[in-house]
Amino acid sequence: MAMKIWTFSAFIFLLCFVGKVQSGPLAVKSRWIVDEAAGTRVKLACVNWVSHLEPMVTEGLNRQPLKYITSTITAQGFNCVRLTWATFMVTNPANRNLTVKASLNSLNLSDAVAKMSVSNPEFLDLTLMDAYKRVVAGLGEAGVMVILDNHISRPGWCCGLNDGNGFFGDAYFDPGVWIQGLSAMAAAFKGTSAVVGMSLRNELRGKRSNQADWYKYMQQGAQAVHDANPEVLVIMSGLNYDADLKFLASKPVSLSFTNKIVYEMHLYSFTDGNAWEQKPADTLCQTVTARVNDHTAFVTKTLSPPAPLFISEFGIDERGTNVGDNKFINCFLAFLAAGDYDWALWTLQGSYYIRNGQPGFEETYGIFNARWDGLRDPTFVSQLQSLQKPAQG
């Protein structure tokens, strides 16, 4: 335990030697993300940080000061955060003037309010949008790039097949409102150098899913973001929980711009049900890798023109007790290294203000422990550090 505490503290100490990561816009050059001015590769080595649950407040501000959290991110070598947000935060008039304190109190989270009054008191009277902007500013001050990820429409935990947030036309997923939200967020962060990309939508899914509407609305969303903020990368997800881009092989997207388009995918052990618990790891690894190459990773090789692939979610139960996760992660990290892909770990937060109705819900996939005062599994985080620098491109 003493060694773990020393290691964590040492990383924080070393932060003073970490410089700014990226000062200008990014662009796409074949399968790589590059500095738009210099043309040199910039590899995204990100961690997800959640702001899309019912409070619509970035998680953990009741646990630690913002600077402590951003310092931990950089101390662990991450140069980027995929910061989630819910459409209704910006499109619902009732939320526009809602303060952080009022949002938390509306959910009976008085304990979170009390703790935030100690750790980040300046946030309590900010509106939800201003609080989100302050988190982005804090990340920028720490030299961390930010991807704004439209995770869901109606705030809450994601992602059920029938939660009304899965696909265009679902109960809470009106395409016009979604595009309005994308445009508003893109405009709000125009000129914010830390914001280098916008992910259009997380994990499209459900019985309404179809390719025709994907092309129609995803292209409209991409164009809306680019029109409002032409400097940011536009990150496009596929179908089936971000696991399928195969349809692009026969019909690429058609947009007014080409040098900002990135595709994303997700992969977990549970993507394959219980297979990682039940089947031989070597055989399953070959099967899963072949499928991923066929359904998503081909965009970096055979798509015309090739495009970057951002693996924007993967992760494991960091308690080390999930047999499937423990087998999966060795296969996945080998795949990640071989392709030198851009990536974002799920996730940063060790707990939530509230999730599934439970205040203080613990996130065992988080790099922070439940108290947010140390790393849950420093060994796993150190494994990722070997993949944070570009090896190709």
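Analyst: The largest cavity has a volume of about 50 Å³. A cavity here is a set of points on a 1 Å grid over the protein atoms alone where a 1.4 Å probe fits but cannot get out. Volume is the space filled by probe spheres set on the points, with grid points joined across faces, edges and corners.

User: Before we go on, what kind of model is this, and how are residues numbered?

Analyst: This is a predicted model, where local features need pLDDT of at least 70 and side-chain atom pairs count only at pLDDT 80 or more, while totals for chains, interfaces and linings use all residues. Residues are numbered from 1 along each chain as its sequence is written, and side-chain values use heavy atoms, leaving out hydrogens and water.

User: OK. How many cavities of 30 Å³ or more are there?

Analyst: One.

User: Which residues line the largest cavity?

Analyst: Leu267, Val288, Thr289, Val292, Phe328, Cys331, Phe332 and Phe335. Helix 11 and helix 12 are the elements that give two or more residues to that lining, and helix 12 gives the most, with four. Helices are DSSP runs of H or I with at least four residues, strands are runs of E with at least two, and both are numbered from the N terminus.

User: And how does that lining divide by class?

Analyst: Seven nonpolar, one polar and no charged. Nonpolar covers Ala, Val, Leu, Ile, Met, Phe, Trp, Tyr, Cys and Pro, charged covers Asp, Glu, Lys and Arg, and the others, Gly among them, are polar.

User: Switching to pockets: how much space lies in the largest one?

Analyst: About 640 Å³. A pocket is an open set of points with protein on both sides within 12 Å along at least five of seven lines, and lining residues, for pockets and cavities, have an atom within 4 Å of a point.

User: Which lining residues lie nearest the centre of that pocket?

Analyst: Glu203, Tyr241, Tyr268, Phe270 and Thr271, out of 29 lining residues. By class, the pocket lining has 13 nonpolar, eight polar and eight charged residues.

User: Which element supplies the largest share of the pocket lining?

Analyst: Helix 11, with three residues. Strand 8 (261-266) and helix 11 (281-295) each supply at least two.

User: Now the cysteines. How many disulfides does the search find?

Analyst: Three in the whole structure, taking a disulfide as a pair of cysteine sulfur atoms within 2.5 Å. Counting bonded cysteines along the chain, the pattern is 1-2, 3-4, 5-6.

User: Which cysteine pairs with Cys285, and what does the pair tie together?

Analyst: Cysteine 331, with the sulfur atoms 2.1 Å apart. Cysteine 285 lies in helix 11 and cysteine 331 in helix 12 (residues 323-339), so the link ties together parts 46 residues apart in sequence. The link is right-handed, with 90° about the S-S bond.

User: Are those two buried or exposed?

Analyst: Both cysteine 285 and cysteine 331 are buried. Buried means under 20% relative accessible area, exposed over 50%, and partly exposed in between, using a 1.4 Å probe and protein chains only.

User: What about cysteine 46?

Analyst: Cysteine 46 forms a disulfide with cysteine 80, sulfur atoms 2.2 Å apart. Cysteine 46 sits in strand 3 (residues 45-49) and cysteine 80 in strand 4 (residues 80-86), so that bond ties together parts 34 residues apart in sequence. Cysteine 46 has a relative accessible area of 0%, and cysteine 80 has 0% too.

User: And what joins cysteine 158 to cysteine 159?

Analyst: A disulfide, S to S 1.6 Å. The torsion about its S-S bond is about 90°, so the disulfide is right-handed. Both cysteine 158 and cysteine 159 are buried.
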